[in-house]
Amino acid sequence: MRAPEFWSAHASGRDSVMVLQALLTPVSWAYAWASAHRIATTTPRHAPIPVVCIGNLTIGGAGKTPLARAIRAKLGAHAHTLSRGYGGRIAGPLRVTPDMDAREVGDEPLLHAADGPAWIARDRLAGALAAANAGAQAIVMDDGFQNPSLAKDVSFIAIDAGFGIGNGQVFPAGPLRERLADGLARADAVVLVGESEQPGWLADFNRPVLHAALAPTGAAPRGPLVAFAGLARPEKFFDTLAALGAQLEETIPFPDHHPFEADDFTLLQQLAQERGATLITTEKDAVRLPPAWRERVAVLPVVARFAEETALDALLAPIQARMK
């Protein structure tokens, strides 16, 4: 979904916006209470192997998947990833392979499967047990911070530094999945993704605050480009291309996890032909394209790079010590 304008910390004070927020606030109180009650009354169960969770506090993208891929790489080949498989039809537990269909398993698990063993499971404990039985020595969870069923040994909170926590209110009056104080109390570290000074709402957070950047792994293709992306904040992808000096003729945003259909391809092909341009998208979007279209679209991969590698290594050291 695309975040409503009034979720932003910089939303204008128009009367209609203020009225809408006021109407939604009682619903957000109920949502926050339900989330807190579910977490407080669920007894987490431990997997036989350590679990690292990369989650976030807000609805929408915050860079969790690139962070999970980077942390999984640090833990080595015996670390498996686990995610819900958002957007896919299969409940799991299922081991994902790169040749599977995003409509069945979701898009992000396909990115993880390209790196090594990856699992989807709506029942996170069942997924962790399946991975352990298949030889995993650690689990890296992509999302699931608000899912209390599986105990986490280390929890990282990803924050889009440009968006932060928006207006600071809980869904649907704002973008937060739970009360800010509740989420921070369970976090072992916060990772600010993107350039930003440390925000004031982290002033009382007494655990590590790390910084990471999403860096492209190569140059943008030469010549005119039509860029498209189905992300929570597709403008971040377009800004990355612009920063690389790409010749952007058109930028087409789609909703997060958008299932591309024939009409979308017709539009994209027409725009590319009219502008004599190459189509380009993200890795996450590319795995949702039909195979024939993947060959016709350029992809700009990105990786997460941490500024404080020593602090990250210290947080992961207890996990690595438990791995065989």
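Helix axes here are lines fitted to C-alpha atoms over the stretch in contact, and the angle between two of them runs from 0 to 180 degrees between N-to-C directions. Helices (H or I, at least four residues) and strands (E, at least two) are DSSP runs, numbered from the N terminus.

Before you start clicking: this is a predicted model, where local features need pLDDT of at least 70, side-chain atom pairs count only at pLDDT 80 or more, and totals for chains, interfaces and linings use all residues. Residues are numbered from 1 along each chain as its sequence is written, and side-chain values use heavy atoms, with hydrogens and water left out.

**Stop 1: H2 and H4**

Select residues 64-75, which is helix H2, and 108-115, which is helix H4. Two packed helices are described by the angle between their axes and the distance between the axes. For H2 and H4, that's about 20° and 11 Å. The pair is therefore roughly parallel (angles under 35 degrees get that label). Their crossing is right-handed, meaning that the near helix is turned clockwise from the far one by less than a right angle.

Show side chains next. On H2, pick Thr65, Ala68, Arg69 and Arg72; on H4, pick Glu108, Leu111, His112 and Asp115. These make the contact, that is, heavy atoms within 4.5 Å. They split into 2 nonpolar, 2 polar and 4 charged residues; Ala, Val, Leu, Ile, Met, Phe, Trp, Tyr, Cys and Pro count as nonpolar, Asp, Glu, Lys and Arg as charged, and the others, Gly among them, as polar.

Since 6 of its 8 residues are buried, H4 is largely enclosed by the rest of the structure. Buried means under 20% relative accessible area, with exposed over 50% and partly exposed in between (1.4 Å probe, protein chains only). The buried ones are Glu108, Pro109, Leu110, Leu111, His112 and Ala113.

**Stop 2: Asp107**

Now step back to Asp107, in the loop between H3 (102-105) and H4. With 1% relative accessibility, Asp107 counts as buried. Its side chain makes a polar contact of 2.6 Å with that of Arg288 and another, of 3.1 Å, with that of His257. A polar contact is a pair of N or O atoms within 3.5 Å; within protein, one must be able to donate a hydrogen and the other to accept it, and residues adjacent in sequence count only if both atoms are side-chain atoms.

**Stop 3: the two partners**

Select Arg288, in the loop between H9 (283-286) and H10 (291-294). Arg288 is buried too, at 13% relative accessibility. The backbone oxygen of Lys284 lies 3.3 Å from a polar atom of the Arg288 side chain.

Then go to His257, between strand E10 (247-254) and helix H8 (262-275). His257 is buried, at 17%. Leaving aside neighbours within four places in sequence, its contacts include Tyr86, Glu108 and Gly230.

**Last stop: His211**

Finally, jump to His211 in strand E8 (residues 209-216). At 23% relative accessibility, His211 counts as partly exposed. Beyond its neighbours within four places in sequence, its contacts include Leu192, Ser196 and Phe306. Glu195 is 16 residues away in sequence, and its C-alpha is 8.1 Å from that of His211.

Note on methods
Parallel < 35°, antiparallel > 145°, perpendicular 65-115°, else oblique.
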